[in-house]
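The entries follow in the order I checked them.

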Amino acid sequence: MLNPIEEQSAVIALIGLLGIGAQWIAWRTGWPAIALMLAAGVIAGPVIGLINPQHTFGALLEPMVSIAVAIILFEGGLSLNFRELRRTDGAVTRLVLLGVPVGWVLGALACYYVAGLVWPVAILFGGILVVTGPTVVIPLLRQSNVAPRPRAILKWEAIVNDPFGALCGLITYEYLRRSAAGGTFGSVMASLVAAAVVAGLLGWIAARIVGWAFPRGYVPEYLKAPVLLVTVIGVFVMSNLIQTETGLLAVTVMGVALANMRLNSLRDIHPFKENVTVLLVSGVFVLLSASLDFAFLQQFEWRFLAFLLALLFLVRPATVLLSLAFSPVPWRERLLIGWVAPRGIVAVAISGLFALRLSHLGYGDGSILVTLSFAVVVATIVAHGFTIGPVARLLKVTGSAQRGLLIVGSTPWSLSLAEHLRQLEVPVTIADTSWHRLAAARQAGIPTYHGEILAEATEDQLDMTQFEVLAATTDNEAYNALVCSEFAPEIGRDKVYQLGDASEDDARALPDSLRGRAMFTSGLGVEELLERERAGWSFRKTRISEQFDFETARADLPGEADLLLLVRKGGSLNFFTHASRPTPQIGDTILSYGPPDANRSARRLKKRMEEMS
């Protein structure tokens with residue numbers, strides 16, 4: 001029998017294992033991560049009883065989840081750049097200013113006429129349902145190939161609307177509570193608007209203090225991430241002490257304000273905050289689903305199923321279509337946005353909080369909110385998690401059908417590489433700072449990007465999600481290493497390659513941690529490549545088949561030839577490096593780089609004669 005400390009430690013470890021394990025399975029299979037995390041929590045919680053969050057954590061469960069959601073919202077706010085907002089053609093503004101009240105009214109009508117809730121509870125729950133939330137939307141977008149504009153709209157809406165759902169519920173509750181004591185709707189609104197303004201100012205002031213202190217060296221590098229994390233928690237708690245449920249607004253404002261200050265200090269913190277957010281999202285979702293009580297589900301009625309259908313097929317689509325009417329957003333994108341609205345931990349947490357408070361006020365339907373909120377979360381996660389990809393493809397609002405290669409550096413060698421890959425139907429884009437050096441690529445019809453790839457403006461002008469692999473091929477090995485180091489966290493360290501020797505014996509060479517993987521099995525350097533180019537070396541494509549396997553193909557190449565990359569049957573790219581040698585399969589194509597071989601035909605003829613004899 002475990003003591004309480006051992007039990008809590010074991011449960012925390014199990015939650016982490018289930019959450020991250022579900023994320024890994026989702027990455028390997030392409031299944032929606034949120035659905036897998038939900039299933040893992042349900043199985044470990046109410047089904048087999050390994051996890052009982054209420055029993056294990058007791059009164060600490062609610063503040064733990066609240067602080068985790070606050071950190072997730074803050075991290076989401078840090079990713080909201082106003083330059084990206086401009087690309088949404090005003091859709092986010094419409095979804096906040098028009099969508100929230102429209103969704104609140106339509107949701108309340110559905111709660112009253114379909115779910116059968118009394119008006120006060122219906123209005124409160126309708127306000128809570130305006131949230132979608134980054135805990136569910138961001139994992140969905142990470143795994144789906146949605147076009148840039150609807151992706152940005154869904155992400156912004158999820159993060160910005162999340163605190164507004166809490167405020168809508170709070171407005172209703174405070175009015176119900178104060179009206180019993182003679183309070184008016186105007187007085188309730190005035191006090192809550194003032195509290196929301198104070199919360200926003202608190203978040204903005206905290207962001208300004210951080211933005212002033214970090215660049216001036218008042219916080220050492222090793223303390224910047226901890227100081228920022230503690231500041232976020234402090235702002236959240238302080239705002240909630242002023243007025244309950246305003247903390248989410250404060251941390252969201254703080255994140256957005258910091259994101260638009262262009263602080264170089266925050267760039268080094270980004271990997272840390274992203275890792276923390278992945279852990280928190282995974283843990284919160286497992287806790288959410290493990291907390292499901294089958295006793296609540298016994299209150300489920302068939303009218304609630306009709307309510308879920310109304311929410312999915314009437315309330316959300318009508319809210320989006322009315323909010324985006326006469327906007328520049330195309331109809332196909334409006335329909336996708338109108339379909340995708342999964343609810344997550346915020347909806348459940350707020351519903352549970354107000355269910356208890358409504359019961360104290362004498363509203364019997366308050367207890368049903370927990371059942372309905374769980375049903376909404378499960379229904380929307382399953383419906384939207386498994387259909388966002390097919391619906392996006394049906395509406396033709398996906399990104400590039402096949403992710404390709406970004407080549408940084410326009411040279412005759414990289415241009416030849418791009419032409420050969422295009423012949424294999426692999427999407428290729430060449431980026432360079434020189435308009436003149438890109439001329440040959442433009443004449444060949446190869447997509448180009450003119451500008452400094454490392455500039456901040458590149459994030460707005462070049463969609464990096466369309467690239468599976470990056471290859472830095474300039475004549476400056478140090479610059480190639482810098483490009484790979486910059487994009488490794490975004491694309492993947494095993495997906496960034498560069499020209500330049502990767503000698504492990506040279507103490508003066510850049511370490512592997514600061515550079516991309518060396519192209520070619522020999523780790524060919526820039527100078528050597530230039531010499532071989534002058535000597536007339538060229539690319540060769542070899543398709544692997546049952547009659548012409550990899551060993552045969554390798555033997556058919558000149559002895560000095562280098563294997564460069566492998567194009568899989570599905571179009572994905574795998575480079576041959578000094579540390580990685582992918583295994584070709586039937587249907588794959590090998591792209592090699594070798595010298596002119598005058599004796600190649602003679603060798604083939606001799607080999608055939610030997611086989612005949």
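I started with W27, which lies in helix α1. Helices here are DSSP runs of H or I with at least four residues, strands are runs of E with at least two, and both are numbered from the N terminus. W27 counts as exposed because its relative accessibility is 61%. For the cut-offs, I took buried as under 20% relative accessible area, exposed as over 50%, and partly exposed as in between, with a 1.4 Å probe and protein chains only.

I then looked up the patch around this residue. W24, I25, W27, W31, V378, V382 and F386 form a nonpolar patch on the surface, and together they have about 770 Å² of accessible area. Two elements, α1 (4-29) and α19 (368-395), each give two or more residues to the nonpolar patch. Patch members need over 30% relative accessible area and no salt bridge; like charges are joined within 9 Å, and nonpolar side chains (Val, Leu, Ile, Met, Phe, Trp, Tyr) within 5 Å. The areas come from the Shrake-Rupley method with a 1.4 Å probe, and for residues only the protein chains shown count as cover.

A note on the source: this is a predicted model, so I kept in mind that local features need pLDDT of at least 70, that side-chain atom pairs count only at pLDDT 80 or more, and that totals for chains, interfaces and linings use all residues. Residues are numbered from 1 along each chain as its sequence is written, and side-chain values use heavy atoms, with hydrogens and water left out.

**Negative patch.** D475, E477, E527, E528 and E531 form a negative surface patch. Asp and Glu count as negative and Lys and Arg as positive, while His and the chain ends are not counted. I placed each charge at NZ of Lys, CZ of Arg, CG of Asp or CD of Glu. Which helix gives the largest share of the negative patch? Helix α24 (residues 526-534) does, with three residues. E527 is found in helix α24. E527 counts as exposed because its relative accessibility is 54%.

**Salt bridges.** Side chains of opposite charge can pair when their charged atoms come close. My rule was a side-chain nitrogen of Lys or Arg within 4 Å of a carboxyl oxygen of Asp or Glu. By this rule I count seven salt bridges. I looked at three of them, as follows.

- E221 pairs with K224, with the closest N and O atoms 2.7 Å apart. They are three residues apart in helix α12 (residues 221-242), so about one helical turn separates them. E221 is exposed at 53% relative accessible area, whereas K224 is buried at 4%.
- R437 and D432 meet in a salt bridge at 2.7 Å, N to O. R437 is partly exposed at 42%. D432 is buried at 8%.
- R532 bridges to D562, with the closest N and O atoms 3.2 Å apart. This pair links distant parts of the chain, 30 residues apart: R532 is in helix α24 and D562 in strand β8 (residues 562-567). D562 is buried, with a relative accessible area of 7%.

**Aromatic rings.** How many aromatic pairs does a search of the whole structure find? I get 12. Rings of Phe, Tyr and Trp (its six-membered ring) pair if their centres lie within 6.5 Å; planes under 30 degrees apart count as stacked, over 60 as edge-to-face, and the rest as tilted. F313 and W339 form a tilted pair, 5.5 Å centre to centre with 40° between the planes. F313 sits in helix α16 (residues 302-323) and W339 in helix α17 (residues 331-339), 26 residues apart. W339 is buried at 15%. I also noted a cluster in which ring pairs link W413, W537, F539 and Y593.

**Positive phi.** I checked for positive phi outside glycine. F326 has a phi of about 65° and is not a glycine. F326 lies in the loop between α16 and α17, and is exposed at 82%. E425 has a positive phi near 65° and is also a residue other than glycine. E425 is in the loop between α20 (412-423) and β2 (428-432), and is exposed at 65%.

**Last check.** I looked up H360, which is in helix α18 (residues 345-361). H360 is exposed at 64% relative accessible area. H360 and R177 are 183 residues apart in sequence and 9.9 Å apart in space, C-alpha to C-alpha.
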